[in-house]
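Let's take a walk through a protein model together. Have a look at the picture first, and then we'll go through it piece by piece.

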Amino acid sequence: ILNVCRIVPEKNLHHLIEAFSQTDTKGCKLVIAGNSDFEDDYTRKIKQMAKEKGVIMTGFIKGKKLHSLLTHTRCFVLTSSHEGLPIALLEAMSYHRPVIASDIPANLEVGLDKNCYYPCGNIKELASKLTSILHKEPHSVQYNMEKYNWDIIASKVEEVYNSIQ
């Protein structure tokens, strides 16, 4: 199970760690890839929780290491209480990984199947969704990523520029 984010309170990593600790992990690990800009009470709390619950904290990663995590994860989880456009979620989707996301407006805007969402802050429901994923065989998911295709976006921008000449 993978989460990629900054370690800040609005990402609700404490909810993810707690939910994961309530599941039968079937030998899977929770990996949190990311860091914070500075050490504070929240980051110390998350690192302590991770240590106690056997969660792997990689720190900031990119390139081949991130590619490897996204390629091999059973599921990507985004537990944020608020987001802009959730780029990490879109990236996980581009790897055809199952995803679970909080039901905040920015995540709902992505338009996933309703079963991919859980009520933000509901640890019990998140644990249930994690359990469901962990009891299935690893699988790929085909998402409709058309509205996030850079070629299509560039074409539409070009159309706008051409229409105002």
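Predicted model: local features only at pLDDT ≥ 70, side-chain atom pairs only at ≥ 80, totals over all residues.

Residues are numbered from 1 along each chain as its sequence is written, and side-chain values use heavy atoms, with hydrogens and water left out.

Let's start inside. In soluble globular proteins, nonpolar side chains tend to be buried together. A nonpolar core here is a set of buried Ala, Val, Leu, Ile, Met, Phe, Trp, Tyr and Cys residues joined through side-chain atoms within 4.5 Å. "Buried" means under 20% relative accessible area, "exposed" means over 50%, and "partly exposed" is in between (1.4 Å probe, protein chains only). The largest nonpolar core has 25 residues, and I1 and L130 touch the most other members. The elements giving two or more residues to this core are α1 (13–21), α2 (41–53) and α6 (123–134). Helices (H or I, at least four residues) and strands (E, at least two) are DSSP runs, numbered from the N terminus. Apart from this core lies another one, of 20 residues, including I61 and Y117.

So who does I1 meet? Leaving aside neighbours within four places in sequence, its contacts (heavy atoms within 4.5 Å) include F20, V31, L130 and L134.

F20 and L130 turn up again where two helices meet: H15, L16, E18, A19 and F20 in α1 meet I123, L126, A127, L130 and L134 in α6. The axes of these helices, α1 and α6, come within 8 Å and cross at roughly 55°. That makes α1 oblique to α6, because angles under 35 degrees count as roughly parallel, over 145 as roughly antiparallel, 65 to 115 as roughly perpendicular and the rest as oblique. Axes are lines fitted to C-alpha atoms, for helices over the stretch in contact, with angles running from 0 to 180 degrees between N-to-C directions.

Now for Y118, in strand β6 (residues 117–118). Is Y118 buried or exposed? Y118 is buried, at a relative accessible area of 1%. Its contacts beyond four places in sequence include L126 and K129. Y118 and I1 are 117 residues apart in sequence and 16 Å apart in space, C-alpha to C-alpha.

Last stop: S36, in the loop between β2 (31–33) and α2. S36 is buried too, with a relative accessible area of 18%.
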